[in-house]
Amino acid sequence: MTPKIELRGVRKRFGPKVVLDGVDLVVDPGESLVIIGGSGTGKSVTIKSILGILRPDEGRIFVDGEEVTHITGRARDKMLLKFGMLFQGAALFDSLTVWENVAFGLIQGRGMARKPAREIAIRKLAQVGLGAEVANLSPAELSGGMQKRVGLARAIAADPQIIFFDEPTTGLDPIMADIINDLIVNTVKDVGATTLSITHDMVSARKIAHRIAMLYKGKIIWHGPVADIDKSGNPYVDQFIHGRAEGPIKMEVKA
Amino acid sequence: MNIFAPIGRAFLLLLARIGSLTMFTWQAVSSVVRPPVYGYHILQQMMRIGYNSLPVVGLTAFFTGGALALQIYLGGNRYGAEAIVPQIVVLGITRELGPVIAGLMVAGRVSAAIAAEIGTMRVTEQIDALTTLATNPVKYLVVPRLIAAVVTMPILVAIADSIGVFGGYVVSTQTLGFSGGIYLKNTVDFMKTEDVVSGLYKAATFGFIIALMGCYNGFHSRGGAQGVGAATTNAVVSSSILILAANYLLTSLLFAK
(Lines give C-alpha, C1' and ligand atoms only; values in the text may rest on other atoms or scores of the structure.)
Protein backbone atom coordinates (compact mmCIF):
# COMPACT_ATOMS: atom_id res chain seq x y z
CA MET A 1 0.00 0.00 0.00
CA THR A 2 1.38 3.41 -0.96
CA PRO A 3 1.48 5.70 2.05
CA LYS A 4 -0.65 8.85 1.71
CA ILE A 5 2.18 10.99 3.04
CA GLU A 6 5.77 10.00 3.56
CA LEU A 7 8.69 12.01 4.92
CA ARG A 8 12.23 10.69 4.55
CA GLY A 9 15.05 12.29 6.50
CA VAL A 10 13.57 15.80 6.35
CA ARG A 11 15.86 18.46 7.77
CA LYS A 12 15.20 22.17 8.14
CA ARG A 13 17.09 24.88 9.93
CA PHE A 14 16.58 28.58 10.38
CA GLY A 15 20.00 30.19 10.65
CA PRO A 16 21.93 28.27 13.30
CA LYS A 17 18.77 26.76 14.84
CA VAL A 18 18.06 23.20 13.69
CA VAL A 19 14.28 22.69 13.76
CA LEU A 20 13.87 19.38 11.93
CA ASP A 21 16.77 16.98 12.30
CA GLY A 22 15.91 14.05 10.05
CA VAL A 23 12.17 13.42 10.38
CA ASP A 24 10.91 10.08 9.04
CA LEU A 25 7.16 9.75 9.05
CA VAL A 26 4.53 7.66 7.25
CA VAL A 27 0.80 8.39 7.21
CA ASP A 28 -1.33 5.60 5.71
CA PRO A 29 -4.55 6.26 3.76
CA GLY A 30 -7.57 6.76 6.01
CA GLU A 31 -5.39 7.02 9.07
CA SER A 32 -5.51 9.74 11.70
CA LEU A 33 -2.00 10.48 12.89
CA VAL A 34 -1.38 12.95 15.68
CA ILE A 35 2.04 14.48 16.24
CA ILE A 36 2.59 15.54 19.83
CA GLY A 37 5.44 17.57 21.21
CA GLY A 38 6.27 20.71 23.12
CA SER A 39 6.27 24.21 21.73
CA GLY A 40 9.08 24.88 19.28
CA THR A 41 9.83 21.22 18.55
CA GLY A 42 9.09 21.64 14.86
CA LYS A 43 5.48 20.41 14.62
CA SER A 44 4.27 23.35 12.55
CA VAL A 45 7.41 23.29 10.41
CA THR A 46 6.69 19.62 9.59
CA ILE A 47 3.20 20.44 8.33
CA LYS A 48 4.34 23.55 6.45
CA SER A 49 7.08 21.53 4.76
CA ILE A 50 4.57 19.00 3.45
CA LEU A 51 2.43 21.82 2.05
CA GLY A 52 5.44 23.48 0.44
CA ILE A 53 4.99 26.68 2.46
CA LEU A 54 8.50 25.99 3.78
CA ARG A 55 11.16 24.13 1.80
CA PRO A 56 13.20 21.47 3.62
CA ASP A 57 16.98 21.79 3.41
CA GLU A 58 17.40 18.04 3.03
CA GLY A 59 15.23 14.95 2.72
CA ARG A 60 12.29 14.04 0.54
CA ILE A 61 8.52 14.32 0.90
CA PHE A 62 6.01 12.16 -0.95
CA VAL A 63 2.24 12.53 -1.32
CA ASP A 64 0.48 9.50 -2.84
CA GLY A 65 3.90 8.17 -3.81
CA GLU A 66 4.77 11.27 -5.84
CA GLU A 67 7.66 13.40 -4.75
CA VAL A 68 6.54 16.92 -3.84
CA THR A 69 9.69 18.20 -2.10
CA HIS A 70 10.51 20.87 -4.68
CA ILE A 71 7.24 21.04 -6.58
CA THR A 72 6.22 24.49 -7.94
CA GLY A 73 3.66 26.31 -10.06
CA ARG A 74 0.65 24.49 -11.52
CA ALA A 75 1.78 21.08 -10.28
CA ARG A 76 1.90 22.46 -6.75
CA ASP A 77 -1.56 24.03 -7.04
CA LYS A 78 -2.85 20.68 -8.24
CA MET A 79 -1.18 18.88 -5.33
CA LEU A 80 -2.65 21.39 -2.87
CA LEU A 81 -6.18 20.61 -4.10
CA LYS A 82 -5.86 17.34 -2.18
CA PHE A 83 -5.39 19.20 1.09
CA GLY A 84 -7.51 21.03 3.60
CA MET A 85 -6.13 22.69 6.66
CA LEU A 86 -7.50 24.03 9.93
CA PHE A 87 -5.17 26.69 11.31
CA GLN A 88 -4.42 27.33 14.94
CA GLY A 89 -6.01 30.78 14.96
CA ALA A 90 -8.57 29.69 12.30
CA ALA A 91 -6.86 32.19 9.90
CA LEU A 92 -10.19 33.28 8.42
CA PHE A 93 -10.00 36.06 5.82
CA ASP A 94 -11.41 39.03 7.67
CA SER A 95 -12.25 40.95 4.50
CA LEU A 96 -14.71 38.23 3.45
CA THR A 97 -17.96 36.96 4.94
CA VAL A 98 -18.24 33.58 6.65
CA TRP A 99 -19.69 31.80 3.63
CA GLU A 100 -17.13 33.36 1.28
CA ASN A 101 -14.43 32.03 3.59
CA VAL A 102 -15.87 28.52 3.49
CA ALA A 103 -16.36 28.65 -0.27
CA PHE A 104 -12.97 30.27 -0.98
CA GLY A 105 -11.22 27.11 -2.13
CA LEU A 106 -14.17 26.22 -4.35
CA ILE A 107 -14.42 29.64 -6.01
CA GLN A 108 -10.74 30.65 -6.25
CA GLY A 109 -9.00 27.28 -6.24
CA ARG A 110 -11.45 25.35 -8.40
CA GLY A 111 -13.24 28.07 -10.37
CA MET A 112 -16.77 27.19 -9.19
CA ALA A 113 -19.57 29.76 -9.68
CA ARG A 114 -20.58 31.69 -6.58
CA LYS A 115 -24.15 30.39 -6.33
CA PRO A 116 -23.47 26.64 -6.12
CA ALA A 117 -20.40 27.38 -3.99
CA ARG A 118 -22.59 29.24 -1.52
CA GLU A 119 -24.96 26.28 -1.27
CA ILE A 120 -22.06 23.95 -0.51
CA ALA A 121 -20.75 26.43 2.04
CA ILE A 122 -24.10 26.50 3.85
CA ARG A 123 -24.17 22.69 3.86
CA LYS A 124 -20.63 22.51 5.27
CA LEU A 125 -21.51 25.07 7.93
CA ALA A 126 -24.45 22.89 8.95
CA GLN A 127 -22.07 19.94 9.16
CA VAL A 128 -20.04 21.77 11.81
CA GLY A 129 -23.18 22.85 13.65
CA LEU A 130 -23.57 26.40 12.37
CA GLY A 131 -26.83 27.71 10.94
CA ALA A 132 -27.31 29.61 7.69
CA GLU A 133 -27.78 32.81 9.73
CA VAL A 134 -24.00 33.12 10.30
CA ALA A 135 -23.25 32.85 6.57
CA ASN A 136 -23.33 36.59 5.92
CA LEU A 137 -21.57 37.66 9.12
CA SER A 138 -17.96 38.74 9.09
CA PRO A 139 -15.49 36.47 10.96
CA ALA A 140 -14.77 39.23 13.50
CA GLU A 141 -18.36 38.94 14.75
CA LEU A 142 -17.87 35.30 15.80
CA SER A 143 -16.49 33.84 19.04
CA GLY A 144 -13.22 31.88 19.03
CA GLY A 145 -15.02 28.53 19.04
CA MET A 146 -17.27 29.55 16.17
CA GLN A 147 -14.28 30.78 14.18
CA LYS A 148 -12.66 27.37 14.65
CA ARG A 149 -15.83 25.74 13.33
CA VAL A 150 -15.85 28.01 10.29
CA GLY A 151 -12.18 27.16 9.80
CA LEU A 152 -13.10 23.48 9.94
CA ALA A 153 -15.94 23.99 7.45
CA ARG A 154 -13.46 25.75 5.14
CA ALA A 155 -10.96 22.92 5.51
CA ILE A 156 -13.52 20.28 4.50
CA ALA A 157 -15.41 22.38 1.94
CA ALA A 158 -13.80 20.78 -1.11
CA ASP A 159 -13.91 17.25 0.33
CA PRO A 160 -10.11 17.00 0.54
CA GLN A 161 -8.33 13.66 0.72
CA ILE A 162 -5.96 14.92 3.41
CA ILE A 163 -6.77 17.29 6.26
CA PHE A 164 -4.24 18.96 8.55
CA PHE A 165 -5.21 20.20 11.99
CA ASP A 166 -2.83 22.67 13.63
CA GLU A 167 -3.52 22.79 17.39
CA PRO A 168 -7.27 22.41 16.86
CA THR A 169 -8.18 22.88 20.53
CA THR A 170 -5.68 25.53 21.61
CA GLY A 171 -7.33 28.58 23.14
CA LEU A 172 -10.75 26.97 23.57
CA ASP A 173 -12.53 26.13 26.81
CA PRO A 174 -12.65 22.38 27.65
CA ILE A 175 -16.24 21.95 26.49
CA MET A 176 -15.71 23.75 23.19
CA ALA A 177 -12.48 21.78 22.79
CA ASP A 178 -14.42 18.53 23.16
CA ILE A 179 -17.03 19.72 20.67
CA ILE A 180 -14.28 20.49 18.16
CA ASN A 181 -12.70 17.06 18.81
CA ASP A 182 -16.06 15.36 18.15
CA LEU A 183 -16.53 17.41 15.01
CA ILE A 184 -13.09 16.39 13.80
CA VAL A 185 -13.75 12.70 14.46
CA ASN A 186 -17.16 12.82 12.79
CA THR A 187 -16.24 14.93 9.79
CA VAL A 188 -13.19 12.81 9.13
CA LYS A 189 -15.39 9.74 9.24
CA ASP A 190 -17.93 11.37 6.87
CA VAL A 191 -15.35 12.65 4.40
CA GLY A 192 -13.15 9.56 4.70
CA ALA A 193 -10.02 11.66 4.76
CA THR A 194 -6.51 10.96 5.95
CA THR A 195 -5.60 13.38 8.71
CA LEU A 196 -2.45 14.70 10.28
CA SER A 197 -2.84 16.76 13.43
CA ILE A 198 -0.37 18.50 15.66
CA THR A 199 -1.21 19.26 19.24
CA HIS A 200 0.12 19.39 22.77
CA ASP A 201 -3.34 18.72 24.18
CA MET A 202 -3.26 15.04 25.23
CA VAL A 203 -7.04 14.84 25.74
CA SER A 204 -7.51 15.90 22.16
CA ALA A 205 -4.75 13.61 20.90
CA ARG A 206 -6.26 10.54 22.57
CA LYS A 207 -9.66 11.36 21.14
CA ILE A 208 -8.81 12.02 17.49
CA ALA A 209 -5.75 9.81 16.92
CA HIS A 210 -5.42 6.30 15.55
CA ARG A 211 -1.68 6.59 15.90
CA ILE A 212 0.52 9.03 17.80
CA ALA A 213 4.05 10.18 16.99
CA MET A 214 6.13 12.26 19.35
CA LEU A 215 8.46 14.92 18.00
CA TYR A 216 11.34 16.00 20.19
CA LYS A 217 14.33 18.09 19.16
CA GLY A 218 13.49 17.72 15.47
CA LYS A 219 13.19 13.92 15.48
CA ILE A 220 10.36 11.43 15.84
CA ILE A 221 11.39 9.72 19.08
CA TRP A 222 8.39 7.40 19.42
CA HIS A 223 5.35 6.37 17.43
CA GLY A 224 2.67 3.77 17.89
CA PRO A 225 -1.07 3.13 18.19
CA VAL A 226 -2.92 5.44 20.55
CA ALA A 227 -3.63 2.49 22.89
CA ASP A 228 0.10 2.00 23.46
CA ILE A 229 0.86 5.54 24.51
CA ASP A 230 0.64 4.75 28.23
CA LYS A 231 3.04 1.82 27.97
CA SER A 232 5.56 3.30 25.58
CA GLY A 233 8.43 2.72 27.97
CA ASN A 234 9.88 5.95 26.67
CA PRO A 235 10.71 8.41 29.48
CA TYR A 236 10.27 11.40 27.16
CA VAL A 237 6.79 10.31 26.12
CA ASP A 238 5.84 9.52 29.73
CA GLN A 239 6.94 12.93 30.91
CA PHE A 240 5.04 14.68 28.11
CA ILE A 241 1.72 12.82 28.38
CA HIS A 242 1.64 13.24 32.14
CA GLY A 243 2.74 16.85 31.93
CA ARG A 244 5.55 16.58 34.50
CA ALA A 245 8.03 19.39 34.97
CA GLU A 246 10.69 16.87 36.09
CA GLY A 247 12.15 14.43 33.58
CA PRO A 248 14.51 14.07 30.65
CA ILE A 249 12.88 16.94 28.70
CA LYS A 250 14.38 20.24 29.76
CA MET A 251 12.60 23.38 28.72
CA GLU A 252 14.91 25.63 26.77
CA VAL A 253 14.14 29.12 27.91
CA LYS A 254 16.34 30.71 25.28
CA ALA A 255 15.37 29.62 21.78
CA MET B 1 36.10 41.47 19.47
CA ASN B 2 36.76 41.80 15.78
CA ILE B 3 35.58 45.24 14.67
CA PHE B 4 34.95 44.03 11.13
CA ALA B 5 32.40 41.43 12.23
CA PRO B 6 29.48 43.83 12.80
CA ILE B 7 30.24 45.69 9.55
CA GLY B 8 30.34 42.42 7.65
CA ARG B 9 27.14 41.23 9.27
CA ALA B 10 25.31 44.44 8.36
CA PHE B 11 26.62 44.24 4.81
CA LEU B 12 25.50 40.62 4.42
CA LEU B 13 22.10 41.54 5.81
CA LEU B 14 21.83 44.36 3.29
CA LEU B 15 22.72 41.98 0.44
CA ALA B 16 20.17 39.45 1.69
CA ARG B 17 17.50 42.18 1.76
CA ILE B 18 18.30 43.34 -1.76
CA GLY B 19 18.24 39.72 -2.93
CA SER B 20 14.88 38.94 -1.37
CA LEU B 21 13.37 42.21 -2.65
CA THR B 22 14.61 41.45 -6.16
CA MET B 23 13.13 37.96 -6.05
CA PHE B 24 9.85 39.29 -4.68
CA THR B 25 9.70 41.92 -7.44
CA TRP B 26 10.38 39.33 -10.11
CA GLN B 27 7.71 37.01 -8.69
CA ALA B 28 5.19 39.85 -8.62
CA VAL B 29 5.94 41.23 -12.08
CA SER B 30 5.99 37.80 -13.72
CA SER B 31 2.64 37.01 -12.06
CA VAL B 32 1.02 40.07 -13.66
CA VAL B 33 0.94 38.44 -17.08
CA ARG B 34 -0.13 34.97 -15.94
CA PRO B 35 -3.77 34.04 -15.30
CA PRO B 36 -5.94 34.16 -13.29
CA VAL B 37 -6.67 37.90 -13.32
CA TYR B 38 -8.61 39.15 -10.32
CA GLY B 39 -10.53 41.96 -12.07
CA TYR B 40 -12.83 42.76 -9.19
CA HIS B 41 -9.89 43.04 -6.80
CA ILE B 42 -8.10 45.43 -9.15
CA LEU B 43 -11.17 47.72 -9.25
CA GLN B 44 -11.53 47.51 -5.47
CA GLN B 45 -7.88 48.49 -4.98
CA MET B 46 -8.19 51.32 -7.51
CA MET B 47 -10.98 52.74 -5.38
CA ARG B 48 -8.93 52.44 -2.21
CA ILE B 49 -5.61 53.61 -3.63
CA GLY B 50 -6.82 56.24 -6.07
CA TYR B 51 -10.25 57.56 -5.24
CA ASN B 52 -9.81 57.60 -1.46
CA SER B 53 -6.50 59.47 -1.83
CA LEU B 54 -8.13 62.35 -3.74
CA PRO B 55 -8.89 64.63 -0.76
CA VAL B 56 -5.43 64.45 0.78
CA VAL B 57 -3.62 64.75 -2.55
CA GLY B 58 -5.89 67.60 -3.69
CA LEU B 59 -5.40 69.63 -0.51
CA THR B 60 -1.62 69.25 -0.46
CA ALA B 61 -1.41 70.14 -4.16
CA PHE B 62 -3.54 73.25 -3.64
CA PHE B 63 -1.41 74.60 -0.79
CA THR B 64 1.83 73.70 -2.54
CA GLY B 65 0.75 75.56 -5.67
CA GLY B 66 -0.24 78.57 -3.55
CA ALA B 67 3.05 78.67 -1.63
CA LEU B 68 5.02 78.21 -4.84
CA ALA B 69 3.29 81.21 -6.45
CA LEU B 70 4.07 83.33 -3.40
CA GLN B 71 7.75 82.34 -3.32
CA ILE B 72 8.28 82.91 -7.03
CA TYR B 73 6.62 86.29 -6.78
CA LEU B 74 8.84 87.32 -3.86
CA GLY B 75 11.96 85.86 -5.45
CA GLY B 76 11.19 87.33 -8.86
CA ASN B 77 10.61 90.70 -7.19
CA ARG B 78 14.36 90.94 -6.49
CA TYR B 79 15.04 91.54 -10.13
CA GLY B 80 11.72 92.74 -11.36
CA ALA B 81 10.56 89.40 -12.80
CA GLU B 82 7.29 89.01 -10.86
CA ALA B 83 5.36 88.37 -14.09
CA ILE B 84 6.97 84.95 -14.50
CA VAL B 85 4.82 83.41 -11.73
CA PRO B 86 2.34 81.44 -13.91
CA GLN B 87 5.08 79.92 -16.07
CA ILE B 88 7.23 78.74 -13.17
CA VAL B 89 4.23 77.47 -11.20
CA VAL B 90 3.05 75.26 -14.03
CA LEU B 91 6.56 74.03 -14.75
CA GLY B 92 7.33 73.27 -11.11
CA ILE B 93 4.01 71.59 -10.44
CA THR B 94 3.77 69.37 -13.53
CA ARG B 95 7.42 68.35 -13.69
CA GLU B 96 8.34 67.95 -10.03
CA LEU B 97 5.98 68.92 -7.25
CA GLY B 98 2.77 67.34 -8.53
CA PRO B 99 4.21 63.81 -8.85
CA VAL B 100 6.48 64.05 -5.81
CA ILE B 101 3.90 65.51 -3.43
CA ALA B 102 1.22 63.08 -4.60
CA GLY B 103 3.74 60.22 -4.44
CA LEU B 104 4.78 61.02 -0.88
CA MET B 105 1.22 61.52 0.34
CA VAL B 106 0.06 58.26 -1.23
CA ALA B 107 3.18 56.52 0.13
CA GLY B 108 2.15 57.59 3.62
CA ARG B 109 -1.46 56.63 3.15
CA VAL B 110 -1.44 53.60 0.92
CA SER B 111 1.83 51.74 1.41
CA ALA B 112 1.25 51.88 5.17
CA ALA B 113 -2.27 50.51 4.75
CA ILE B 114 -1.09 47.76 2.40
CA ALA B 115 1.76 46.76 4.72
CA ALA B 116 -0.53 46.70 7.76
CA GLU B 117 -3.20 44.65 5.99
CA ILE B 118 -0.87 42.10 4.40
CA GLY B 119 1.33 42.03 7.53
CA THR B 120 -1.68 41.15 9.68
CA MET B 121 -2.63 38.47 7.18
CA ARG B 122 0.91 37.11 7.45
CA VAL B 123 1.06 36.92 11.25
CA THR B 124 -2.45 35.45 11.53
CA GLU B 125 -1.52 32.77 8.95
CA GLN B 126 -4.10 34.01 6.44
CA ILE B 127 -1.40 34.02 3.74
CA ASP B 128 -0.58 30.37 4.48
CA ALA B 129 -4.31 29.68 4.39
CA LEU B 130 -4.47 31.12 0.86
CA THR B 131 -1.76 28.69 -0.19
CA THR B 132 -3.58 25.70 1.27
CA LEU B 133 -6.69 26.78 -0.65
CA ALA B 134 -4.65 26.49 -3.88
CA THR B 135 -4.53 30.25 -4.38
CA ASN B 136 -1.20 31.94 -5.08
CA PRO B 137 -0.91 34.75 -2.49
CA VAL B 138 1.31 36.87 -4.75
CA LYS B 139 -1.25 36.74 -7.54
CA TYR B 140 -4.21 37.23 -5.23
CA LEU B 141 -2.81 39.99 -2.99
CA VAL B 142 0.17 41.67 -4.68
CA VAL B 143 -0.75 41.81 -8.37
CA PRO B 144 -4.09 43.67 -7.97
CA ARG B 145 -2.42 46.27 -5.75
CA LEU B 146 0.48 46.75 -8.15
CA ILE B 147 -1.77 47.16 -11.18
CA ALA B 148 -4.16 49.46 -9.34
CA ALA B 149 -1.35 51.70 -8.06
CA VAL B 150 0.42 51.94 -11.43
CA VAL B 151 -2.84 52.81 -13.19
CA THR B 152 -4.29 55.25 -10.66
CA MET B 153 -1.19 57.23 -9.71
CA PRO B 154 -0.97 59.03 -13.10
CA ILE B 155 -4.66 59.91 -12.85
CA LEU B 156 -4.14 61.23 -9.32
CA VAL B 157 -1.13 63.24 -10.44
CA ALA B 158 -3.02 64.72 -13.40
CA ILE B 159 -5.65 65.91 -10.93
CA ALA B 160 -2.96 67.11 -8.51
CA ASP B 161 -1.34 69.08 -11.35
CA SER B 162 -4.61 70.88 -12.14
CA ILE B 163 -5.33 71.63 -8.50
CA GLY B 164 -1.75 72.77 -7.89
CA VAL B 165 -1.90 75.20 -10.81
CA PHE B 166 -5.29 76.33 -9.54
CA GLY B 167 -3.74 76.97 -6.09
CA GLY B 168 -1.16 79.20 -7.72
CA TYR B 169 -3.89 80.92 -9.71
CA VAL B 170 -5.99 81.66 -6.63
CA VAL B 171 -3.06 83.11 -4.67
CA SER B 172 -1.83 85.13 -7.66
CA THR B 173 -5.17 86.64 -8.54
CA GLN B 174 -6.41 87.20 -4.98
CA THR B 175 -3.30 88.52 -3.21
CA LEU B 176 -0.67 89.28 -5.84
CA GLY B 177 -2.83 91.34 -8.17
CA PHE B 178 -2.58 89.17 -11.31
CA SER B 179 -5.41 89.29 -13.82
CA GLY B 180 -7.10 85.90 -14.08
CA GLY B 181 -7.29 85.84 -17.88
CA ILE B 182 -3.65 86.71 -18.40
CA TYR B 183 -2.53 84.24 -15.76
CA LEU B 184 -4.34 81.38 -17.47
CA LYS B 185 -3.17 82.42 -20.93
CA ASN B 186 0.45 82.54 -19.79
CA THR B 187 0.10 79.15 -18.14
CA VAL B 188 -1.36 77.46 -21.20
CA ASP B 189 0.98 79.14 -23.70
CA PHE B 190 4.07 78.21 -21.72
CA MET B 191 3.18 74.63 -20.83
CA LYS B 192 4.43 71.84 -23.13
CA THR B 193 3.02 68.35 -23.44
CA GLU B 194 6.28 66.83 -22.29
CA ASP B 195 6.08 68.70 -18.97
CA VAL B 196 2.88 66.90 -18.09
CA VAL B 197 3.75 63.56 -19.67
CA SER B 198 7.09 63.33 -17.86
CA GLY B 199 5.22 63.83 -14.59
CA LEU B 200 2.81 61.04 -15.47
CA TYR B 201 5.69 58.64 -16.18
CA LYS B 202 7.05 59.50 -12.77
CA ALA B 203 3.63 58.92 -11.24
CA ALA B 204 3.35 55.41 -12.65
CA THR B 205 6.82 54.59 -11.33
CA PHE B 206 5.96 55.95 -7.89
CA GLY B 207 2.75 53.89 -7.89
CA PHE B 208 4.80 50.77 -8.54
CA ILE B 209 7.20 51.64 -5.71
CA ILE B 210 4.38 52.36 -3.26
CA ALA B 211 2.50 49.11 -3.88
CA LEU B 212 5.67 47.03 -4.05
CA MET B 213 7.14 48.32 -0.79
CA GLY B 214 3.80 47.96 1.00
CA CYS B 215 3.38 44.38 -0.19
CA TYR B 216 7.02 43.37 0.34
CA ASN B 217 7.17 44.65 3.90
CA GLY B 218 3.78 43.18 4.72
CA PHE B 219 4.75 39.78 3.32
CA HIS B 220 7.95 39.71 5.35
CA SER B 221 6.57 40.93 8.66
CA ARG B 222 7.28 38.74 11.67
CA GLY B 223 5.97 38.28 15.15
CA GLY B 224 2.65 39.83 16.05
CA ALA B 225 1.55 43.43 16.48
CA GLN B 226 5.08 44.78 16.86
CA GLY B 227 6.19 43.12 13.63
CA VAL B 228 3.25 44.57 11.73
CA GLY B 229 4.04 48.02 13.16
CA ALA B 230 7.64 47.72 12.03
CA ALA B 231 6.52 46.56 8.58
CA THR B 232 4.24 49.60 8.26
CA THR B 233 7.02 52.00 9.24
CA ASN B 234 9.48 50.33 6.88
CA ALA B 235 6.98 50.49 4.03
CA VAL B 236 6.47 54.24 4.41
CA VAL B 237 10.14 55.06 4.96
CA SER B 238 11.47 52.86 2.16
CA SER B 239 8.84 53.92 -0.38
CA SER B 240 9.38 57.62 0.42
CA ILE B 241 13.16 57.35 0.01
CA LEU B 242 12.82 55.29 -3.16
CA ILE B 243 10.34 57.80 -4.59
CA LEU B 244 12.73 60.70 -4.06
CA ALA B 245 15.68 58.75 -5.44
CA ALA B 246 13.65 57.55 -8.44
CA ASN B 247 12.44 61.10 -9.00
CA TYR B 248 15.99 62.37 -9.33
CA LEU B 249 16.92 59.52 -11.68
CA LEU B 250 13.84 60.04 -13.83
CA THR B 251 14.37 63.79 -14.00
CA SER B 252 17.93 63.30 -15.18
CA LEU B 253 16.84 60.68 -17.73
CA LEU B 254 13.68 62.38 -19.05
CA PHE B 255 15.22 65.82 -19.41
CA ALA B 256 18.64 64.70 -20.57
CA LYS B 257 19.73 66.97 -23.35
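Which residue takes a positive phi in the hairpin of S1(A) and S2(A)?

**View 1. The hairpin of strands S1 and S2 in chain A.** In this predicted model, local features need pLDDT of at least 70 and side-chain atom pairs count only at pLDDT 80 or more, while totals for chains, interfaces and linings use all residues. Residues are numbered from 1 along each chain as its sequence is written, and chains are lettered from A and ligands numbered from 1 in the order in which they are written. Strand S1(A), residues 5-14, and strand S2(A), residues 17-27, pair in the antiparallel sense over eight bridges; helices (H or I, at least four residues) and strands (E, at least two) are DSSP runs, numbered from the N terminus, and two strands pair if DSSP finds at least two bridges between them. A:Ile5 stands opposite A:Val27 of S2(A). Two residues lie between the strands of this hairpin, and A:Gly15 is the residue with a positive phi, near 60 degrees.

**View 2. The open sheet of chain A.** Six strands are arranged in the order S6-S7-S8-S3-S9-S10, with mixed pairing, and the edge strands, S6 (83-86) and S10, each pair on one side only. From one strand to the next, the twist averages 15 degrees. Within the sheet, S7(A) and S8(A), the latter spanning residues 194-199, pair in the parallel sense over five bridges, and A:Ile162 has A:Thr194 as its bridge partner in S8(A). Helix H5(A) lies across S6 and S7 and runs at about 175 degrees to S6(A); axes are lines fitted to C-alpha atoms, for helices over the stretch in contact, and angles run from 0 to 180 degrees between N-to-C directions.

**View 3. Loop residues A:Asp159, A:Glu167 and A:Ala227.** A:Asp159, in the loop between helix H5 (144-156) and strand S7 (162-166) of chain A, has a positive phi of about 50 degrees although it is not a glycine. A:Asp159 is exposed, because 12 other C-beta atoms lie within 10 Å (buried means 20 or more other C-beta atoms within 10 Å, exposed 12 or fewer, and partly exposed in between, with C-beta atoms placed from the backbone). A:Glu167, in the loop between S7 and helix H6 (174-191) of chain A, also is not a glycine and has a positive phi, near 45 degrees, but A:Glu167 counts as buried, with 20 C-beta neighbours inside 10 Å. A:Ala227, in the loop between strand S10 (219-225) and helix H8 (235-242) of chain A, is exposed, with 11 other C-beta atoms within 10 Å.

**View 4. Helices H2 and H6 of chain B.** The axes of H2(B), residues 39-49, and H6(B), residues 137-175, come within 8 Å and cross at roughly 50 degrees. H2(B) is therefore oblique to H6(B), where angles under 35 degrees count as roughly parallel, over 145 as roughly antiparallel, 65 to 115 as roughly perpendicular and the rest as oblique. Residues making the contact include B:Ile42 and B:Met46 of H2(B) and B:Ala148 and B:Val151 of H6(B); two residues are in contact if their C-beta atoms, placed from the backbone, lie within 7 Å. The contact residues divide into eight nonpolar, three polar and one charged, with Ala, Val, Leu, Ile, Met, Phe, Trp, Tyr, Cys and Pro counted as nonpolar, Asp, Glu, Lys and Arg as charged, and the others, Gly among them, as polar.
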